[in-house]
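This report describes one protein chain for a reader who works with computed models.

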Amino acid sequence: MATRRGFLGTVSAAGAATFLTQTQTATSASAAPAATDEKAARNAIRNVNAGMRANYASLKAELIKQLSPVIVVQNNAVGGRFTLINKGVQVETVDPVPEYFELAKSIAHIPLGIYSVIAAYLSNQVPNIPNAGRIDPHDLDMVAFKTPGDKGWVTPLNSFRTTLSSALTMLPTANLPTDLDASCTKILSEAVKFIDTIVKAGSFDMAAFNRFAATVYPSIRVNMTFAATAQITGIEALMKRWRTLIGEEAWSNLYVTVLSIWTTAELNQASIIIRRTMNQAKVNTHLIDLPTVETPSDPIAVALDNLARIVQDNVAAEMVFNTDLKVADALKGKEDLLSDEILQQIGGTAATANTAAFTTAAAAATCPITGHTASV
């Protein structure tokens, strides 16, 4: 979005480079300042940026105290932790999703648990299996790093089998819904059978694991259905209660920040659900997904710090770049201000954002709180 045309004029990138080189040569030929003077001058220039950053940080620190209302969402193993902040006060922190969300996902993760034990001992050659073309040979070579014939997988896999067997034995007393109980039973029993088979044989291969995974997949889909229903029910009920608590006027200006890791950042389940309950005129600017490298030690502080930066940049963009709306949009969004100029100089094009994924049935369904059809 951003350009540097004012500095480069109408010259091309190559011409600009020539111009700058010639200017530097001319300067060298004249009476150049002493090295110490040059260093002091450049440090003085750097101090300008340091001063800007200090002022920026000061504004952000004060703005954090003003942000309201805000919901901070932390993705976790139990369906999400939600914190409501209103008028600078943390009103409530809730894990609203029914327990069977965690239980359904726990059993659905079994194939991944087995894979995690045996992956390093796989052959680094992709066999003739249905999805062979989708496996990157180099990725496989990185994952399957153990020496062929190494039996180091047996002990941890038997340990996991003990865990699975215990869950299978006690499953009837967990009082799960009938269909969920049946799918969990299928996944657990097939997993125990698969482990017993490969431990007895003292070997396994990718094709055998694929067959096991395919066998339990229909049951995994059942568990996914139960988990999704639990999450939708729990989150929407909480949003309805909080909306009543803070009132319609405040809710219409609600900010939501969703913290997640990279692998769940796009079409995050909490974001999909909560966006339907927000003011649809503002949801695209007030619902912020924040992918993190790992779960921060203070999620609330991280969420508010990022939100404050976004909010103050939204206003700064229109104030500072009021003569160039493309640059303003870049400052308000995820683009670096130099991205457009760099793309132009290297002959690239900006990638087209994929927004179609949000027009899913979940996003477009009638909102149970407002009674209106949500628009993205």
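In which loop is Lys 146 found?

## Lys 146 and the basis of the model

Lys 146 is found in the loop between α6 (137–143) and α7 (154–170), where helices (H or I, at least four residues) and strands (E, at least two) are DSSP runs numbered from the N terminus. The structure is a predicted model, in which local features need pLDDT of at least 70 and side-chain atom pairs count only at pLDDT 80 or more, while totals for chains, interfaces and linings use all residues. Residues are numbered from 1 along each chain as its sequence is written, and side-chain values use heavy atoms, with hydrogens and water left out.

With a relative accessible area of 33%, Lys 146 is partly exposed; on this scale buried means under 20% relative accessible area, exposed over 50%, and partly exposed in between, with a 1.4 Å probe and protein chains only. Leaving aside residues up to four places away in sequence, Lys 146 touches Ala 120 and Tyr 121, a contact being heavy atoms within 4.5 Å. The C-alpha atom of Lys 146 is also separated by 9.9 Å from that of Ile 118, which is 28 residues apart from Lys 146 along the chain.

Glu 266 has its place in the loop between β4 (255–261) and α11 (269–275), and it counts as exposed because its relative accessibility is 64%.

## Helix α4 against helix α8

Helix α4 (residues 100–108) and helix α8 (residues 178–201) pack at an angle of about 25°, with their axes 9 Å apart; the axes are lines fitted to C-alpha atoms, for helices over the stretch in contact, and angles run from 0 to 180 degrees between N-to-C directions. That angle makes α4 roughly parallel to α8, given that angles under 35 degrees count as roughly parallel, over 145 as roughly antiparallel, 65 to 115 as roughly perpendicular and the rest as oblique.

On the α4 side, Tyr 100, Ala 104, Ile 107 and Ala 108 meet Leu 180, Cys 184, Ile 187 and Leu 188 in α8. By class, this contact has eight nonpolar, no polar and no charged residues, where Ala, Val, Leu, Ile, Met, Phe, Trp, Tyr, Cys and Pro count as nonpolar, Asp, Glu, Lys and Arg as charged, and the others, Gly among them, as polar.

Phe 226, placed in helix α9 (residues 206–246), touches residues of this pair, including Tyr 100, Ala 104 and Leu 180.

## Helix α3 against helix α13

The axes of helix α3 (residues 35–64) and helix α13 (residues 299–320) come within 9 Å and cross at roughly 110°, and α3 and α13 are therefore roughly perpendicular to each other. The contact is made by residues that include Tyr 56, Leu 59 and Lys 60 of α3, and Leu 304, Asp 305 and Arg 309 of α13. The residues of this contact divide into seven nonpolar, one polar and four charged.

## The chain as a whole

The chain has 16 helices and five strands, and buried residues make up 32% of its 376 residues. Among contacts with a separation of 6 or more, residues 24 or more positions apart account for 69%.
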